[in-house]
Amino acid sequence: MVRPGGGRKGKIMAAIKEDILKKFGEIFGSTEGVKTYFAPGRVNMIGEHTDYNGGHVFPCALTIGTYAAARKREDGRLRFYSMNFGHLGIIESTIENLKPEKEAGWTNYPKGVIWAFGEKGYEVPAGMDLLLFGNIPNGSGLSSSASVEVLTGFILRDFFGFEVSNQELALIGQYSENKFNGVNCGIMDQFAIAMGKEGHAIFLDTADLSYEYAPIKLENAKIVISCSNKKRGLGDSKYNERRSECETALAELQKVVGINSLGDLTEEQFEACQSAIQDEIRIKRARHAVFENQRTVKAVEALKNNDVELFGRLMNESHISLRDDYEVTGIELDTLVEEAWQVDGVIGSRMTGAGFGGCTVSIVRTDAIDAFIEKVGRAYEKKIGYPADFYVVEIGDGPCIL
Ligand code: GLA
């Protein structure tokens with residue numbers, strides 16, 4: 001199925017704003033004092049599993065994301081409702097004694113952020129009624145959860161006047177995900193969402209959070225996201241395992257070289273010292289982290305030189321490394337990417353996000369998009385047994401009040 005990713009952005013946003021306000025009235029009684037907000041999802045162009053290894057990433061915010069209608073309360077109650085999980089009804093909590101609960105489902109994300117604000121010294125003084133609607137496919141690897149986290153932080157700042165920058169909103173979101181929801185994610189997703197800029201990707205050095213915006217000017221080409229529809233949750237994936245494999249490899253390397261992270265090594269330096277790592281699997285994991293970081297630097301350089309073809313080839317190499325060395329792809333993502341590589345007009349294609357399911361990102365010539373969706377879609381369904389979804393996306397801004 002093909003769905004519009006952005007395009008007539010203003011109109012889509014206005015229509016959704018109207019929908020969520022109407023629903024808010026139905027669910028919470030009235031729309032008096034309600035404000036509406038949006039935070040994007042993100043796609044990472046290149047630099048995968050480098051953000052917790054002190055390397056570079058190159059993500060961008062999308063024009064699809066999470067919409068909120070929210071109203072401050074006088075008491076400490078929290079009432080949550082998601083139009084994507086309407087069958088769950090209103091889920092309640094209070095601002096005191098917040099803790100993650102399995103039955104609380106998706107509300108563990110906003111709860112985690114309210115908790116994290118308190119941990120960081122920004123005590124949230126009152127509760128809220130919060131209704132969400134997301135047009136990012138859930139569990140697709142386009143960061144629906146980080147989008148909810150940044151959105152919640154943005155709303156808290158707006159309601160209570162906390163003096164936190166967008167970058168801090170990203171860090172608080174990551175902290176909540178790490179400490180409240182138990183996923184040791186890096187900073188990429190929350191940063192990409194909080195700092196998004198229309199038409200640009202963010203070249204972020206996760207070692208020190210220095211960043212620069214790089215315009216994505218694709219002549220006669222677009223970014224196409226192919227969603228495998230294989231659901232995954234970071235918590236139950238091997239994400240934390242990969243992270244600890246890299247930490248062990250780093251500790252082994254630090255016995256022979258003075259580095260702070262795998263991102264400090266060039267390919268040549270890694271080749272020269274890799275024998276310090278005592279296990280073949282860990283060598284592969286570390287090799288991916290080192291080479292992917294260097295690839296990301298080269299890819300951004302290529303883009304600056306208007307060499308989109310080279311950028312695409314580096315995307316393809318990134319996928320191969322994630323498939324063979326990091327082993328986070330799986331048959332669904334490999335099928336989407338390997339089929340994409342066969343289609344004329346595909347400049348580059350790779351898995352994006354954590355992996356193990358979720359999405360791929362491809363740069364496709366505009367005149368080849370129909371053929372791409374047709375061919376990759378048909379081959380995928382034949383091999384995997386259920387269809388993929390395709391989204392032609394636009395790069396959007398960070399969070400905003402609607
Ligand atoms: C997830 C995490 C990010 C990053 C990617 C892999 O999206 O949330 O921090 O590690 O996986 O690049």
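A charge sits over a ring if NZ of Lys or CZ of Arg is within 6 Å of the ring centre and within 35 degrees of the ring normal. In this predicted model, the charged end of Lys120 meets that description: it sits over the ring of Tyr175, 3.9 Å from the ring's centre.

**Aromatic pairs**

Another pair is formed by Tyr211 and Tyr213. Tyr211 has a relative accessible area of 34%, so it counts as partly exposed; Tyr213, at 28%, is likewise partly exposed.

| Pair | Centre to centre | Angle between planes | Type |
|---|---|---|---|
| Tyr211 and Tyr213 | 5.6 Å | 80° | edge-to-face |

Tyr37 and Phe154 are also members of a cluster linked by ring pairs, together with Phe117, Tyr122, Phe159, Phe160 and Phe162.

**The ligand**

The ligand is surrounded by 13 residues, and the closest are Glu48, His49, Asp51, Asp189 and Tyr239. By class, this shell has six nonpolar, three polar and four charged residues. Glu48 places a polar side-chain atom 2.6 Å from a ligand oxygen atom. Gly186 has a backbone N or O atom 2.9 Å from an oxygen atom of the ligand, while a polar backbone atom of Ala354 is 3.5 Å from a ligand oxygen atom. Taken alone, the ligand exposes 310 Å², and the protein buries 98% of that.

Notes:
Residues numbered from 1 in each chain as written. Predicted model: local features only at pLDDT ≥ 70, side-chain atom pairs only at ≥ 80, totals over all residues. Heavy atoms only, no water. Near = heavy atom within 4 Å. Polar contact = N/O pair within 3.5 Å; in protein donor to acceptor, adjacent residues only side chain to side chain. Areas by Shrake-Rupley, 256 points an atom, 1.4 Å probe, with all protein chains shown as cover. Nonpolar A, V, L, I, M, F, W, Y, C, P; charged D, E, K, R; others polar. Phe/Tyr/Trp six-rings, centres within 6.5 Å; stacked < 30°, edge-to-face > 60°. Buried < 20%, exposed > 50% of the residue type's maximum accessible area, 1.4 Å probe, protein only.
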